[in-house]
Every structure is written in C-alpha cells, then in structure tokens.
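Me: I would like to learn how to read side-chain contacts in a structure. Please take me through them one at a time.

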Amino acid sequence: MAYAPVNGLQLYYETHGSGRPLVLLHGGLLTIDLNFGPLLEPLAASRHVIAVELQGHGHTADSGRPMTIEALAGDVVALLDQLGVERAVLAGMSQGGFLSLRAALTAPDRVRALVLIDSQAGLEDPAVAPGYEQMHQAWLEHGPGPVQEVVASIILGPGQWDGWYAKWNEQYAQWAPDDLGQLTWPFRCLMDRDDLTGRLAGITCPALVVHGTADAAIPVGRAEAVRDGLGGLVTFTLVDGAPHASNVTYPDEVNRAILGFMSGLDAG
C-alpha cells in the first residue's frame, strides 16, 4: 500500500504478486476492495498486480483538480512512469474501462492490452440519466445511506449485500455532511464524458471484453459495439446471469477469462 504524487494528487495504489504488470482500475463510486477483492489473490499468483484508487475514491482524496476521464487516464500513465513500468495490461471495470480505452488512445505504447469488464465506449442512456441525477441529488442532501440499495441493485443485482453496504458506507463515512459535495466531481466525470465509439478503430492492441448478460447498467449490446469497433484482436466473453459488477458476483468466471487471455498474450 503506497501513495504516489501524481498530477497534483496523492494517488493511492497497491501492488500484489510478481510477473508481467496488470493494472486494475475500479468502477465509479467503488474502491479496490469493493471492486476487485475477489480477484486480487488469484491474479497476483502469476502477475504483478497494480491496483489503483482513482481521484475522489477510497484513499485518494479529491484535491479539487477538475476531474475528467481523460485526466484519470493520465494519472494511470503517470503512475506507470513513477513505478518504472514501460507497458502494462489495463483491466478496468465500467469507469475503469472508460479510462483504459482513453489511455490506449493517448499512450498506445504503454498499453500492452485491455481487459474491459462491463464497460462501454458510449454515453449513458438518455432514458436512465435523469434517474442517476436524482440519486446524486439525494446523496448530496442525505448522505449515502438512502441510496445504497439503489446503488447495490445497479452494481450487484438482486441479493443480500449487507457486508458490501458496510464497506461502502465506511468509505464515505469519512466525509462530514458538509463534504458530501466531494461526490459531485466523480459523478460529473462519469456523466459528462464524451463518446469514444467513433474512435475505437484507433485502438489496435489486443483486448478482452467481459460482460454480464444481466448487466442492467450497461446492456450487452454496448459491449458488442466495443467488440465490433476495436481495431485489434478481441476476445469476447459473456458471463451468464452476471450483473454489472460481474467480477464481484462471478469472480471465478471472470478470473478464468482474464488469466486465459493473459496466458495467450504470454504465448504470443
């Protein structure tokens, strides 16, 4: 566990295992533990796993710097510089995938391959965006508690998630009521991103696209659009019945897909 001074931030990251570098990039409103806890140990058995907490998430405080997906991608490349990592596989879930795509466009020589977990290249569906805006406003007014079940249903699907709620609330308990506005930067970063669909052909590195068939936040069709638009060789894996965070709810299937993909890279 360490911090790196990156682009005006104290960027929190963890390293696990050894071998070829694999960078894990979490989804919006999440942390390393909440998003990648079940993946760390099996992946670190054969890889040098670098797990990052992005600006305004977990241990990385929001410095007040304007937050965009492009800025987050730049932070990841700058961290690779500091760690002396020339090239890495970037594995991002949802928002982590958004910035991984941008890093592959802006710094293609640093990205060995992409793993895109329940992600997309486009924008939020206009039919659901107002609901996200309402959730944001409710959080600002009342804190994370009243929206935790909605967030969990979007990310994890139906089920009992008491342990996840406790961790998620602990993440934001450090924010006094007057500081709940810290949510606004990460939220606007997600909602105001640009559409990369027309630029996907410029990404020519190998990619693994993993997507849950029951993802209510990003329908499978969005993952198929990424598969069809990327300019390099794409491995496409559907996880039957998995919701948005397929790596949390179906970790064995997702780990198997990632390790198989990376073994193929090693052999190539």
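This is a predicted model: local features need pLDDT of at least 70, side-chain atom pairs count only at pLDDT 80 or more; totals for chains, interfaces and linings use all residues.

Me: What is a salt bridge, and how many does the rule count here?

Reply: Side chains of opposite charge can pair when their charged atoms come close. The rule asks for a side-chain nitrogen of Lys or Arg within 4 Å of a carboxyl oxygen of Asp or Glu. The count by this rule is 11 salt bridges.

Me: Where in the chain do Arg193 and Glu124 lie?

Reply: Helices (H or I, at least four residues) and strands (E, at least two) are DSSP runs, numbered from the N terminus. Arg193 is in the loop between helix H7 (184-191) and strand E7 (207-212), and Glu124 is in the loop between strand E6 (111-117) and helix H4 (129-142), so the pair ties together parts 69 residues apart in sequence.

Me: Are Arg193 and Glu124 buried or exposed?

Reply: Buried means under 20% relative accessible area, exposed over 50%, and partly exposed in between (1.4 Å probe, protein chains only). Both Arg193 and Glu124 are buried.

Me: Which residue does Arg188 meet in a salt bridge?

Reply: Arg188 meets Glu133, at 2.8 Å from N to O. This pair links helix H7, which holds Arg188, with helix H4, which holds Glu133, 55 residues apart. Arg188 is partly exposed at 26% relative accessibility, and Glu133 is partly exposed at 30%.

Me: What about Glu70?

Reply: Glu70 forms a salt bridge with Arg102, their closest N and O atoms lying 3.1 Å apart. Glu70 belongs to helix H2 (residues 69-83) and Arg102 to helix H3 (residues 95-106), 32 residues apart. Glu70 is partly exposed, with a relative accessible area of 39%, whereas Arg102 is buried at 4%.

Me: Which residues are linked in a network of salt bridges?

Reply: Arg20, Arg47 and Asp266 are linked in this way.

Me: How many aromatic pairs does the structure hold?

Reply: Rings of Phe, Tyr and Trp (its six-membered ring) pair if their centres lie within 6.5 Å; planes under 30 degrees apart count as stacked, over 60 as edge-to-face and the rest as tilted. The structure holds one aromatic pair. Tyr3 and Tyr12 form this edge-to-face pair, 5.3 Å centre to centre with 65° between the planes.

Definitions and conventions
Residues are numbered from 1 along each chain as its sequence is written. Side-chain values use heavy atoms; hydrogens and water are left out.
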